[in-house]
Amino acid sequence: WSPATIDGNCVNDAETEDHYYTEFFEAVFATPMYLNQIIVHENFGPGLITRILVPSDRNPTQWKSIFERDPHETLWNFAETYTYFMPKMCATMWPVDRVRIEVDTCH
């Protein structure tokens, strides 16, 4: 999902009680797998990932966070460069068939 903005003016007030993001994408796996590491190749604005989620082991229609950070925390110099993002995350104890990555593109 990738709108121009979530709040209409890119002030980035798109904050709810449990998350903060402006866009997300999902990767779907043909074969469910246990996740113990995720590597994301970022370019032109690294450090914008705010949360990584997988389907809950108890209710696959709900998401469970395996990584998150405060979106107001500056992790990188937002230079026009690329990097590999390998977050420290909790490994899944159940096989998952997709992962959702939420990003703040309104920094």
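A91 sits in the loop between β5 (82–85) and β6 (96–103). With a relative accessible area of 39%, A91 is partly exposed; buried means under 20% relative accessible area, exposed over 50%, and partly exposed in between (1.4 Å probe, protein chains only). A91 and I38 are 53 residues apart in sequence, and their C-alpha atoms are 9.8 Å apart in space.

Before going further, a word on what you are looking at. This is a predicted model, in which local features need pLDDT of at least 70 and side-chain atom pairs count only at pLDDT 80 or more, while totals for chains, interfaces and linings use all residues. Residues are numbered from 1 along each chain as its sequence is written, and side-chain values use heavy atoms, with hydrogens and water left out.

Now for the overall plan. The chain has six strands and zero helices, so its elements read β-β-β-β-β-β from the N terminus on, given that helices (H or I, at least four residues) and strands (E, at least two) are DSSP runs, numbered from the N terminus. Of the 107 residues in the chain, 39% are buried. Among contacts between residues at least 6 apart in sequence, 71% join residues at least 24 apart. The accessible surface of the chain comes to about 6,900 Å², and 51% of this surface belongs to carbon and sulfur atoms; such areas come from the Shrake-Rupley method with a 1.4 Å probe, and for residues only the protein chains shown count as cover.

Let us step inside. In soluble globular proteins, nonpolar side chains tend to be buried together. Here, the largest nonpolar core has 15 residues, and those with the most contacts inside it are I38, I49, I52 and V54. A nonpolar core is a set of buried Ala, Val, Leu, Ile, Met, Phe, Trp, Tyr and Cys residues joined through side-chain atoms within 4.5 Å. Strands β3, β4 (63–68) and β6 each supply at least two residues of this core, and the largest share, four residues, comes from β6. Look at I52 for a sense of the surroundings: not counting residues up to four places away in sequence, its contacts include I38, I66, F67, F85, V99 and I101.

Two of those neighbours deserve a visit of their own. The whole structure holds one aromatic pair. The rings of F67 and F85 have their centres 5.5 Å apart and their planes at 70 degrees, so the pair is edge-to-face. F67 is in strand β4 and F85 in strand β5, 18 residues apart, and both are buried.

At 1% relative accessibility, V96 counts as buried. V96 touches F29, P32, M33, L35, V54 and P55, again not counting residues up to four places away in sequence. V96 and P55 are 41 residues apart in sequence, yet 6.6 Å apart in space, C-alpha to C-alpha.

Charged side chains come next. How many salt bridges does a search of the whole structure find? There are three, a salt bridge being a side-chain nitrogen of Lys or Arg within 4 Å of a carboxyl oxygen of Asp or Glu. One joins R100 to E26, with the closest N and O atoms 2.8 Å apart. This pair links distant parts of the chain, as R100 is in strand β6 and E26 in strand β1, 74 residues apart. R100 counts as buried at 14% relative accessibility, whereas E26, at 34%, is partly exposed. Another salt bridge connects E102 and R51 (3.1 Å, N to O). E102 lies in strand β6 and R51 in strand β3 (residues 49–55), so the pair ties together parts that are 51 residues apart in sequence. Both ends count as buried, E102 at 2% relative accessibility and R51 at 11%. D97 and R98 also form a salt bridge, their closest N and O atoms being 2.8 Å apart.

Finally, we return to the surface. I39, Y82, Y84 and M86 form a nonpolar patch there, with about 480 Å² of accessible area together. Patches are made of residues with over 30% relative accessible area and no salt bridge, with like charges joined within 9 Å and nonpolar side chains (Val, Leu, Ile, Met, Phe, Trp, Tyr) within 5 Å. I39 lies in the loop between β1 (23–33) and β2 (40–43), and is partly exposed, with a relative accessible area of 48%.

Key
Contact means heavy atoms within 4.5 Å. Rings of Phe, Tyr and Trp (its six-membered ring) pair if their centres lie within 6.5 Å; planes under 30 degrees apart count as stacked, over 60 as edge-to-face and the rest as tilted.
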